[in-house]
2 protein chains.
Amino acid sequence: MSILRQDPTTKDWVIIATDRGKRPDDYQKPIAESALPTPDSTCPFCPGLENLTPPDILRYPQDSSLDWRVRVVPNKCAAVGLNVEPYRKEDGPLFREMGGVGHHEVIIETPQHDQSLSCMPTNDIELVLQACHARYCALKQDPQVKSIVLFKNHGERAETSLIHPHSQIVGTPGAPLLVRKKYEVAISHFDDTGRCLYRDLVDEERSAKVRVLFESTRFVVFHPFASRVPFETWIVPKHEEPAFGHVEPSHLAELADVLRRTLKTLDDALGNPDFNYILHSAPPEDDTKHYFLWHIQIMPRVSTIAGFELGTGIFINTILPEDAASHLKKYLQ
Amino acid sequence: MSILRQDPTTKDWVIIATDRGKRPDDYQKPIAESALPTPDSTCPFCPGLENLTPPDILRYPQDSSLDWRVRVVPNKCAAVGLNVEPYRKEDGPLFREMGGVGHHEVIIETPQHDQSLSCMPTNDIELVLQACHARYCALKQDPQVKSIVLFKNHGERAETSLIHPHSQIVGTPGAPLLVRKKYEVAISHFDDTGRCLYRDLVDEERSAKVRVLFESTRFVVFHPFASRVPFETWIVPKHEEPAFGHVEPSHLAELADVLRRTLKTLDDALGNPDFNYILHSAPPEDDTKHYFLWHIQIMPRVSTIAGFELGTGIFINTILPEDAASHLKKYLQ
């Protein structure tokens, strides 16, 4: 027996087919597969091998006589870059092309190769978020940037290329349709109701309670109604912040604690699952308008993205988010 | 250096970042990984274990005194099903749900466990396509079905659950947004030009030549201008057929040969890559209108679907489709 649920932020439907047989416990990885990575003397993100990456864009602490704790460097295999001539080309009526102008940076989250965000002290995670925040604000200054996406690929199933803890920030010259779509759905909700969709969503989830994992003063962590994958988890601010650049730097410590607690709960419940997370913000050009709230979507990679998902955009999830919440709550510290 | 290209059938952009370093040759899988699967005495798709699947919906040859060559059975882990009460429910203004009504069937393509579509005789592939065609036409009769998607997950990286050669057909109660979107883009092209987008696309690709792998009398095989993954390959009919149900049964032999030749070329060039393919058709309700051509999209799983792709819908491809075409042509038989 399966149900279809609509994601109110994209209008996409997901299929939740719970009788595919797995209980929440079955998603726990075997211990052998869930160990932390072992040190690697050739890792370009490890201290001593800084010459293997392009020069720092930012480092903390800024005083270069001290050992670094967080570094931001240009991505050596950049998807978009700064040394590209901006152009637009049309080859006949159907084939449109443009230069891959933009920013693609790597945030090296710790000097320690065999570390994990979920196990780092909150102070260190705060420093990572400070670096992400500073780079978000810097990329926003570039008028060519139409969209800024911050993301993390953790583990082999999440298709990371290097296991040393890092995340990435990309500023693209066009708004991706999925990003545009999310924003249009939010505008349309505002047109209909005069309210911010994400504030309404936070209110609805808090009053429904059954999908909320926990709350802090400024943030709520929940498993969305139309979760695309088992244990999908969102972190959303409770107050008006359309873009990540709007977060008060003094609130990053609280966000760091919320992020650490969320990832630690997933780790404990699922045996250090591989995951992707994505931080969505309102488009830089529109980020003073109150249609949107930035948010983090954590997608554990415990299930498949195969032909059906690629062909339809519809994900098949095997766990109800309500069941994910009650299972994860047992592991919440 | 990277470029962005727009897929004219979805309006989505892809990033083609060729300086990520790989040449076409580098995508070839090591021989150890590219062997065919070994027989498995517990496989529910193998002859003798038919009792492990629900009863046949269709089998070829139809004479049950003969050994079967192709079987179609309900998917035991169905994403949508027939024994579901259709309902729509709204829980507050944001949370919409409906029953997972629909069809989810498995086409077991051969009795031989260690077989591959690319190595099967054309006659046998024709039989598989006949079964797909018959089930497409049957699902279309159900007025609850708003979309029919046929797909195949081949190999571990393509997230197959069973290695015995099979494909799947799903009829869903709502049109997936991605499917709806493709159709809307096609309608909009017709509104603008009075022509079918896919016919124009076939004409443009045939006249550009550089991305065409080969043609037969009725089909053209090419690597699309905005390929999302390295070696993405489309098979498109040259004549007016909005939906797969419109293919003349007598043309399936030619399609079988085209499909076999395409998959064999990918196998030889890339060392039996894992792949997903998806067969798109016009929505059943609109499939007599000439806005659309059914087509097959083959996506070799030689690259990653990670946080950036999940967060933006933008794929990062590392090979120009023109380079994919000239590399694959060397292996074309």
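This is a predicted model: local features need pLDDT of at least 70, side-chain atom pairs count only at pLDDT 80 or more; totals for chains, interfaces and linings use all residues.

User: In which loop is B:Lys209 found, and is B:Lys209 buried or exposed?

Analyst: B:Lys209 has a positive phi of about 65° although it is not a glycine, and most residues other than glycine have a negative phi. B:Lys209 is found in the loop between H3 and strand S10 (212-215) of chain B. A residue with 12 or fewer other C-beta atoms within 10 Å is taken as exposed, and because B:Lys209 has 10 C-beta neighbours inside 10 Å, B:Lys209 counts as exposed.

User: A:Phe231 also lies in a loop; is A:Phe231 buried or exposed?

Analyst: A:Phe231 is not a glycine, yet it has a positive phi of about 70°, and its place is in the loop between strand S11 (219-222) and strand S12 (233-237) of chain A. The threshold for burial is 20 or more other C-beta atoms within 10 Å. Since A:Phe231 has 28 of them within that distance, it is buried.

User: Which residue is joined to B:Tyr60 by a cis peptide bond?

Analyst: Most peptide bonds are trans. In chain A, a cis bond with omega of about -10° joins A:Tyr60 and A:Pro61, and A:Pro61 is found in the loop between strand S3 (58-60) and strand S4 (70-74) of chain A. In chain B, the loop between strand S3 (58-60) and strand S4 (70-74) holds the residue in question; omega is about -10° here, and the partner of B:Tyr60 is B:Pro61.

User: How many residues of S4(A) are buried?

Analyst: S4(A) is joined to S3(A) by three antiparallel bridges, with A:Leu58 standing opposite A:Val72. S4(A) is largely enclosed by the rest of the structure, because among its five residues the number buried is four.

User: At what angle do helix H1 (residues 122-140) and helix H4 (residues 252-270) of chain A pack?

Analyst: H1(A) passes H4(A) in a right-handed crossing, through residues that include A:Leu129 of H1(A) and A:Leu255 of H4(A). By class, the contact has seven nonpolar, three polar and three charged residues. The axes are 8 Å apart, and the angle is about 115°.

User: Which residue of S6(B) is the bridge partner of A:Leu4?

Analyst: The contact between the chains takes 59 residues from chain B and 59 residues from chain A. On the side of chain B, 34 are nonpolar, 15 polar and 10 charged. Strand S1 (residues 3-6) of chain A is joined to S6(B) by three antiparallel bridges, and the partner of A:Leu4 in S6(B) is B:Met98.

Technical notes: Residues are numbered from 1 along each chain as its sequence is written. Chains are lettered from A and ligands numbered from 1 in the order in which they are written. Two residues are in contact if their C-beta atoms, placed from the backbone, lie within 7 Å. Ala, Val, Leu, Ile, Met, Phe, Trp, Tyr, Cys and Pro count as nonpolar, Asp, Glu, Lys and Arg as charged, and the others, Gly among them, as polar. Two strands pair if DSSP finds at least two bridges between them. Helices (H or I, at least four residues) and strands (E, at least two) are DSSP runs, numbered from the N terminus. Axes are lines fitted to C-alpha atoms, for helices over the stretch in contact, and angles run from 0 to 180 degrees between N-to-C directions. A crossing is left-handed if the near helix is turned anticlockwise from the far one by less than a right angle, and right-handed if clockwise.
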